[in-house]
Structure formats: structure tokens, C-alpha cells
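My entries follow in the order I made them.

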Amino acid sequence: NPIIAIMASRSISVSLILLALVLSLVQADISVTLTAEEELVDRHFLGNIADKANLSNPDTDYTFSITEDTNSDYFSIETNSDLYLVKTVDRESLCSRQDTCTINVQIIATIGLDLKAISVTVIITDINDNPPTFSQNVL
């Protein structure tokens, strides 16, 4: 039926426009910086995002989620907003020749229609697991 096809097409278009509008309104409201050593074992606790973002309040119950497009394979967030590193990070392979190594992840905190965008930067520190090598012996 052509009328149903047109209505379905308009419905999809309106949904896409609304999604684009919501995403454009969700900017990084809050910035959080955390630190982790490289080569940590899986599921290493990084911090409680609600506490770090000053969203801890007994009267509010935010739901936290990681956006899929921002290094989400490195992180997991629990319902209580505990953020975990779930993948071992090798600083040298991730950030070779850079003084500062960071992984960024975007988290959305929602309560009803209220959205808070949280930009989390995790600084990866070197544990010096690759000692320097020299071409000749120097004494």
C-alpha cells in the first residue's frame, strides 16, 4: 500500500531528525579525568563516575551508559556507575612515541528526560616494561 509506505518513510525521517537533534544537544556537560597503569588485568576498577562527576545524590537515580563510538571496547560501566577497564592496554602499542597516552570515552547519564554527557579521559601511565636498548656497550 503506497500510503502506508509514505507514512512509514515519514516516520523514519522524523525519528532520524529527532535522534540527530537529541545527539546535537548532548554535549560534554562534565569532564572527568582518571589514571590507570598500562598492562592491568581485565576488569580493573577505575572509579565511580557519579562521584567523580558530582552526580551522587540520594534523591536522584541516574542510569549510566557508554556511547558505542568512543573506545567502548576498553570499558564497562555498572548500574552504580562504577567504571572498569576491561581490556589490557599496552601503552607503547597504543601511544607509541607520545609523552601522554590517553583513552577517551563518552558516558551518558540519564534520569527521565534529563541527559548529562560525561567526557572521561583515562591517562595511561607507563610501567616501564620495555627497558631501553643501546646499540653498543657504554661504560
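I began with Gly47, which stands opposite Leu83 in β5. Strands here are DSSP runs (E, at least two residues), helices likewise (H or I, at least four), both numbered from the N terminus. I noted that the model is predicted, so I kept its limits in view: local features need pLDDT of at least 70, side-chain atom pairs count only at pLDDT 80 or more, and totals for chains, interfaces and linings use all residues. Residues are numbered from 1 along each chain as its sequence is written, and side-chain values use heavy atoms, without hydrogens and water.

Next I checked the pairing: β2 and β5 (residues 82-85) run antiparallel and are joined by four bridges; two strands pair if DSSP finds at least two bridges between them. I traced an open three-stranded sheet in the order β2-β5-β4, paired antiparallel. Its edge strands, β2 and β4 (75-77), each pair on one side only. From one strand to the next the twist averages 25 degrees (axes are lines fitted to C-alpha atoms, with angles from 0 to 180 degrees between N-to-C directions).

I then looked up Glu38, in the loop between β1 (28-37) and β2 (44-48). The Glu38 side chain does reach the backbone nitrogen of Arg91, at 2.8 Å.

Conventions
Polar contact = N/O pair within 3.5 Å; in protein donor to acceptor, adjacent residues only side chain to side chain.
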